[in-house]
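Here is a report on one protein model.

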Amino acid sequence: MSSPVIVCDLEYAVHHLPDLSSKAGFKLKKTFLALIKPNICGLYHPSLDLLSSIAEFLLSGAKSVVIGETSSMMHDPKEQFERLGVNALAKRFGGRVRAVDLCQDEWVKVRVPSPHALKEIDLSKTVLDSDILVNVPRVGTHSTTHLTCAIKNLFGLLPQKHKFRVYHPLGVDKVIADIANVIRPDLNVVDAGSKVILGVDVLAVDVVACRFVDVDPIKVEHLRLVSESRGEKLEFFVKGVKVIEV
């Protein structure tokens, strides 16, 4: 059975994030670098209040926090950081929080175990050097993958600018599943409009998030592939997800 998934009101999550994260199974440790990956260059942007609460929480254990994003077909991270208020948010923490374009970082090739589409992927050195990764998407629907949420948000860690052109011909669901085999977020905090979904298990979080956008998780191919990589049938996994409403 997967770890519990917490569902609560957005405002409650903003003010009670440490306690909610603990209920979800996340224990903040004293560490050097924590990375927050919000969906800043995609279609659905998480709440700035939620993002600020996550940064404040992480700084109680981490020496510094990076809010990291890569380019998309539509947007450049630096422009989005400014336009959406992320730069202003970071400045409030006196230099301990930085907004970083991960495309400008050094890239490192990482082998993909049991690949569906990619034998290796490029990742920013900051991603690999981070002691904690907090994944912060906003749930929505997607024309190709049906669902865009926690697992799909990991696609945004690939540092290539033209990701659609490079990876979609390979089967984007397969590529997403390969990334999820390499990158394991320590905590996933999903903006679901008036609600927030928290959990340490990225697959369980996405299964619950499907309810908020009327998507059948069984029909989401990258969820099925991630489940199969774990040696589980998605139909059985879905039935075993434990939801705690706060």
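Is phenylalanine 164 buried, partly exposed or exposed? Phenylalanine 164 has a relative accessible area of 44% and is therefore partly exposed. This is a predicted model, and the values below are computed from it.

**Surface patch**

Phenylalanine 164 sits in helix H8. With Leu43, Met73 and Met74, Phe164 forms a nonpolar patch on the surface. Together the four residues expose about 470 Å² of accessible area.

**Aromatic pairs**

How many aromatic pairs does the structure hold? There are two. One joins phenylalanine 26 and phenylalanine 57: the ring centres are 6.1 Å apart and the planes stand at 75°, so the pair is edge-to-face. Phenylalanine 26 belongs to the loop between helix H2 (17-24) and strand E2 (31-38), and phenylalanine 57 to helix H3 (residues 48-58). The pair thus ties together parts that are 31 residues apart in sequence. Phenylalanine 26 is buried at 6% relative accessibility. Phenylalanine 57 is buried too, with a relative accessible area of 11%.

The other pair is phenylalanine 155 with tyrosine 167. Their ring centres lie 6.0 Å apart and their planes meet at 80°, so this pair is also edge-to-face. Phenylalanine 155 is in the loop between helix H7 (150-153) and helix H8 (163-167), while tyrosine 167 is in H8. The two residues are 12 apart in the chain, and the pair links distant parts of it. Phenylalanine 155 counts as buried at 8% relative accessibility. Tyrosine 167 counts as buried at 5%.

**Around serine 21**

Serine 21 lies in helix H2. Its relative accessible area is 0%, so serine 21 is buried. Which residues does serine 21 contact, leaving aside neighbours within four places in sequence? They are Phe26, Phe57, Leu187 and Leu198. Phe26 and Phe57 are the partners of the edge-to-face pair with centres 6.1 Å apart.

**Helix H9**

Helix H9 (residues 172-182) is mostly covered. Nine of its 11 residues are buried. Among them are Val172, Val175, Ile176, Ala177, Ile179 and Ala180. Asp173, Asp178 and Asn181 of H9 are buried as well. What covers the buried residues of H9? The cover includes strand E6 (120-124), H7, H8 and helix H11 (221-229).

**Valine 202**

Valine 202 is in helix H10 (residues 202-209). At 9% relative accessibility, valine 202 counts as buried. Not counting residues up to four places away in sequence, valine 202 touches Asn135, Ala150, Ile151, Asn188 and Arg230. Lysine 219 is 17 residues along the chain from valine 202, and their C-alpha atoms are separated by 17 Å.

**Cysteines**

How many disulfides does the structure hold? The count is zero. Cysteine 41 is in no disulfide: the nearest cysteine sulfur belongs to cysteine 103 and is 8.1 Å away. The cut-off for a disulfide is 2.5 Å between sulfur atoms, so a separation of 8.1 Å rules that pair out. Cysteine 149 is in no disulfide either, with the nearest cysteine sulfur, that of cysteine 210, 7.7 Å away. Both residues are covered by protein. Cysteine 41 is buried at 2% relative accessibility, and cysteine 149 is buried at 1%.

**Positive phi**

Most residues other than glycine have a negative phi. Serine 114 has a positive phi, near 45°. Serine 114 lies in the loop between strand E5 (107-111) and E6. Is serine 114 buried or exposed? Serine 114 is exposed, with a relative accessible area of 61%. Histidine 146 is not a glycine, yet its phi is positive at about 70°. Histidine 146 is placed in strand E9 (residues 146-148). At 43% relative accessibility, histidine 146 counts as partly exposed.

**Selected accessibilities**

The table lists some of the residues discussed.

| Residue | Relative accessible area | Class |
|---|---|---|
| Serine 21 | 0% | buried |
| Cysteine 149 | 1% | buried |
| Cysteine 41 | 2% | buried |
| Valine 202 | 9% | buried |
| Histidine 146 | 43% | partly exposed |
| Phenylalanine 164 | 44% | partly exposed |
| Serine 114 | 61% | exposed |

Conventions
Residues numbered from 1 in each chain as written. Predicted model: local features only at pLDDT ≥ 70, side-chain atom pairs only at ≥ 80, totals over all residues. Heavy atoms only, no water. Buried < 20%, exposed > 50% of the residue type's maximum accessible area, 1.4 Å probe, protein only. Phe/Tyr/Trp six-rings, centres within 6.5 Å; stacked < 30°, edge-to-face > 60°. Helix = DSSP H or I, 4+ residues; strand = E, 2+ residues; numbered from the N terminus. Contact = heavy atoms within 4.5 Å. Patch = residues over 30% accessible without salt bridge, like charges linked within 9 Å, V, L, I, M, F, W, Y side chains within 5 Å. Areas by Shrake-Rupley, 256 points an atom, 1.4 Å probe, with all protein chains shown as cover. Salt bridge = Lys/Arg side-chain N within 4 Å of Asp/Glu carboxyl O.
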